[in-house]
Amino acid sequence: MNAGADQSDPTPPSTTGGVEPRPPGGTRLLMMLVRTRAGFRRLLISRFTAQWGDGIFQAGLGSAVLFNPEREADPAVVAAGLAVLLLPYSVVGPFAGALLDRWDRRRVLLTANLVRGALIVLTSAAVAAGVAGAPLYAGALLVMGVSRFVGAGLSASLPHVVAPGELVPANAAATTLGAAVTAIGAGSAIVLREVLGAGDAGSALVTVIAAAGSLVAALVLVGFSRGALGPGHEPTGTSAADGRVDPPPAGAAARPGLLATLAAVAGGLRDGGRTALSVPSVTAGFLALISHRAAFGVVTLTGLLLMRHGFTDLGPFRAGLLGVGQVVGAAAAGIVVGALLTPRLVARHGARGAVRGALLGGAATMLLLGIVTTLPTLLLASFLVGLAGQVVKLCADAAVQRDIVDEHRGRVFALYDTLFNVMYVAAIAAAATVAPLDGRSPALLFAAAGLYLLGLVGHGMASRRAPEDGPGGGGSAGGAVEAGDPAPDERDGDRGRSPPPRAPRADPSPRPAPAPVRAPYAAPCPRQAAGLRGRTPPRRVRSPGPSPRPRRCPPA
């Protein structure tokens, strides 16, 4: 235990009779947590410094391999560099959670950050020495694998530093701001490269600066005591006075062995695939997303080669590494616009209509870029492809959240994340075998358009097994419907259909016999009526038939 360390602060007791007050949202919540939760503040600083270092390392190494005048960047080199940067997120990700549930996360994160800093220094030394090929890629692969492990550990530790009611908005804020910090780190690397030089020595100096982020992240984690970040039994938002999490209760099941844990993770991915195939809407979403990621991989390789060998500066448009920054900015703008437009598209055309429109738009964009391959059209294509991909992804997310039961949803999302990156890297590798050095290949871009169309066909075939959805169907993109409500596809698909015939209702008890009908009341004659004056008139019984005529008086 570290004396004088800043522990994860306990959550104040509730004063609302056991009902936790609803926390504020957005920026107000983030600022409140930063001010009042020392543990959250430390974890956030550790995340931001680590992700800033990741951005510098990725951009620095990418520029060293792809845009270094002292190195030749052919399609195979580009594909290998992107595979090294992306595959750890697919391979390490599903298994990181299982391992982090076995070891003390504070010690794991502290050690992993120190190891990552050392690996960054070694990789930078290899860049300065002019090392290329497998040794350089192996070092980069190790760095990115440890980075993925650290990211998973930070996410798993979050429930131990905030209250349960603050978890979802705190996680959303930390993830979004963390992505922005990564982009800032990449921009810093581009600026530093302009100052320090574009050769091996300058690229090595830029890359080694990323180690500072890992060291600062490790120093921040020293403030947590052992066990403060888990694992343990399910956290309740409170901790002991020394920052430790209470041990699991007596009689709790022992954790399985390491090999059994890894086998369980692999089995979970297999179960996720079976579950996804059994739900038509999820299968259709996966097919659409896979086709987009494959096409996006082709256009990524083509764009990098064009920026490296095929394009020159054209007015405000830049080639080289600065041009790559412009392309990334255009794609990011398309993603933001897609996130804003998707709910409206789903409300007007339904989820299926939105996905099919996005796939058609992606195919048209690839055809346009294949016919007119210039810097302005590449920027326009980046924007449109980012927009189309965001529409497809949000609709696929909504299908998983809406139509997969909670017990299987995590496995399906783990498979989803793996396929998301593996298909991208596989498409880049396949395109690298036929791409020319300068990237000018209309045939490759037409093939990307064909991938979008194949996804459109697959989406349509898989959707035939599911009920039709009308405008507004398909659920809200990005959110699940409330429990107990019918799925939007079912609600919209039933409009205009005649209801199914109802089965005869069983009557377990015999009906009582009807009461006897009393004879209709006949109005008395005038003389009898005169004699009845002052008496209580008899109760009249309404006749089921027409009212009877008054009786005639008998002759006097």
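Aspartate 54 pairs up with arginine 116 in a salt bridge, with 3.1 Å between the closest N and O atoms; the term salt bridge here takes in any side-chain nitrogen of Lys or Arg within 4 Å of a carboxyl oxygen of Asp or Glu. This pair ties together distant parts of the chain, since aspartate 54 sits in helix H2 (residues 38–66) and arginine 116 in helix H5 (residues 105–128), 62 residues apart. Helices are DSSP runs of H or I with at least four residues, numbered from the N terminus. Aspartate 54 counts as buried at 11% relative accessibility, and arginine 116 is buried too, at 1%. Buried means under 20% relative accessible area, exposed over 50%, and partly exposed in between (1.4 Å probe, protein chains only).

The model is a predicted one, in which local features need pLDDT of at least 70 and side-chain atom pairs count only at pLDDT 80 or more, while totals for chains, interfaces and linings use all residues. Residues are numbered from 1 along each chain as its sequence is written, and side-chain values use heavy atoms, leaving out hydrogens and water.

Searching the whole structure turns up three salt bridges. Another of them joins aspartate 397 to lysine 393, again with the closest N and O atoms 3.1 Å apart. These two residues lie four apart in helix H13 (residues 375–403), so about one helical turn separates them. Aspartate 397 is buried, at 10% relative accessible area, whereas lysine 393 is partly exposed, at 26%.

Then there is the pairing of arginine 402 with aspartate 403, whose side chains meet at 2.9 Å, N to O. Arginine 402 is buried at 12%, and aspartate 403 is partly exposed at 25%.
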